[in-house]
Amino acid sequence: PDNISPTPKPSPTVGIETREPTPAKPVEPGVTHRPDNLSPTPINGADASGTVDARRSNASGNNDNNNNNNAPENIGAAGPGGENHASAAELTESAQKAEEDLRKLLERVTVTSEALSSVSFGDIESNMRARNFQILSFQATIDYLETMDYQKLTDDMRKQLNALAEGQFAMLDLSKITGESVRDSYAYNQLTQGYNALRTQFDNLKDGETQRDNLTTIRQLKSVQDQLVTGGQTLYIALVGMETQKGALERQTAAMNRVIETMELQYQQGRISALQLQQYRSQRASLISSSETLGMTIRTMKMQLENMMGAAPTGEIRIGSLPSVTESQLSEMNVERDLQSAMSNSYELRAAAKTLEEQEETYEDAIQAVRYDEKKEGYRQADAAWNAAKNNYNATLQSYELRFRTLYEQVHDYYQVWDASRTALAARESSYQAAQLRYEQGNISQNALLDARDELETAKETLAGHANNLFSAYNSYRWAVQAGILTQST
């Protein structure tokens, strides 16, 4: 109208606003609010019954035909009732194109893994960090979070907030001209909801909450990466032990074959029964079956290891022996110093502290809601929950410390067991040398010499098993100190 002058609008800016947008009325679930006195907005100029909204027709001065002329063009042939249907040929062509696009996408992103012929323990971590798809996926997220420009993000959000506020003010100013309320309209409510949600994110950025959350996420993802690597190393250690065990089974089978040869001669001489001979053959069959089952398990676990390193799962990869733990490495272990390092690097403890912090905020909100009245049930309930949270946190600390100290003791115990097995092996080596001498002198049979050799091999396998246990415990200890990782079973 000519007699109404334009209403000036302020330009709000976040942080220095001179005018906050009026809060919108909450939208009831399932209800869509529209501007007052307006009928539902028609689609393509028509409402659900096919009639043209009189308000829009009068305002535009156009008739039904004009509105229909602005409707989108029909796609495909028109069916009964005027519905649009794509032809079967068009649908088939569209589906084929979609399938072709998908095939090209998969060709671009699919990585063909190559087989690895061998791997050492020291190569496990580097191979996994370079080729394990889970680790690479986590690393992409870590790289993004570590390179976020929080200042730019804050500036962008400020601009978006100001744009949303401008939209609200524009709708309020329009309502003054038309005399129609817009506070309950769908558009105004959408602007208000968008503003409030974005303002929460903006405030979190200004207060540093977003940065803290992202740092926690980074630590969590790095901890998961480390746990995947330790899982690969644990699998490697288990494979070394299994291959030692398989060698022992093969040696036992060879020894049983010698026994059966002797038993067969005794059976021919009538010195043992057929049942006794069959018992020896049954024992050999059991050894062979156990060896084959163990071989299948080894192949399966090797395929898992290959998969974790991003290699083709062939089950044929060769693994080497484990590194030795030196006395100097053991002497460098300091349980008190190392415990503090482990606790500061532990994501498990950091997550527990974060949970405690959130529970404290909940406690403060709860007692504030009852005006700090200790006699009210709400206060007593909140106080009990807060005390339980503090006790749970301290229990977590105690459990972590106990597991760490237990691991420290295990390392030293495995060392003394390994050292004792070295003495036992030296004794077996002397016995075998003596057996060789007696065999050369003709005082013992070849089978007796082979039995002495088997005893020597058993002592070597025992020493290797104790060495593997020592290295496994020491490796877990180093991961605990450097990354704070402690398994629950430790």
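Here are a few friendly notes on this predicted model, running from its nonpolar cores to its surface.

1. Let's start inside. The largest nonpolar core has 60 residues, and those touching the most other members are Tyr-236, Leu-305, Phe-404, Val-411 and Tyr-477. Two or more residues come from each of helix H4 (124-131), helix H8 (209-268), helix H9 (274-308), helix H11 (335-345), helix H13 (377-440) and helix H14 (446-483). Among these contributors, H14 gives the most, with 14 residues.

2. Leaving out residues up to four places away in sequence, Leu-305 touches Ile-124, Gly-232, Leu-235, Tyr-236, Leu-239 and Ile-319. Of these contacts, Tyr-236 is also listed with Leu-305 among the core members that touch the most others.

3. There is also a second, separate core, made of 19 residues. Its members include Ile-142, Met-171, Val-182 and Leu-205.

4. Now for the surface. Leu-102, Leu-105, Leu-106 and Val-109 make a nonpolar patch of about 330 Å². Leu-102 sits in helix H3, which covers residues 88-109. Why does Leu-102 count as partly exposed? Its relative accessible area is 40%, and the partly exposed class lies between the buried limit of under 20% and the exposed limit of over 50%.

5. Along the chain, Glu-357 and Lys-390 are 33 residues apart, and their C-alpha atoms are separated by 9.9 Å.

Key: Residues are numbered from 1 along each chain as its sequence is written. This is a predicted model: local features need pLDDT of at least 70, side-chain atom pairs count only at pLDDT 80 or more; totals for chains, interfaces and linings use all residues. Side-chain values use heavy atoms; hydrogens and water are left out. Patches are made of residues with over 30% relative accessible area and no salt bridge: like charges are joined within 9 Å, nonpolar side chains (Val, Leu, Ile, Met, Phe, Trp, Tyr) within 5 Å. Accessible areas come from the Shrake-Rupley method with a 1.4 Å probe; for residues, only the protein chains shown count as cover. A salt bridge is a side-chain nitrogen of Lys or Arg within 4 Å of a carboxyl oxygen of Asp or Glu. Helices (H or I, at least four residues) and strands (E, at least two) are DSSP runs, numbered from the N terminus. Buried means under 20% relative accessible area, exposed over 50%, partly exposed in between (1.4 Å probe, protein chains only). A nonpolar core is a set of buried Ala, Val, Leu, Ile, Met, Phe, Trp, Tyr and Cys residues joined through side-chain atoms within 4.5 Å. Contact means heavy atoms within 4.5 Å.
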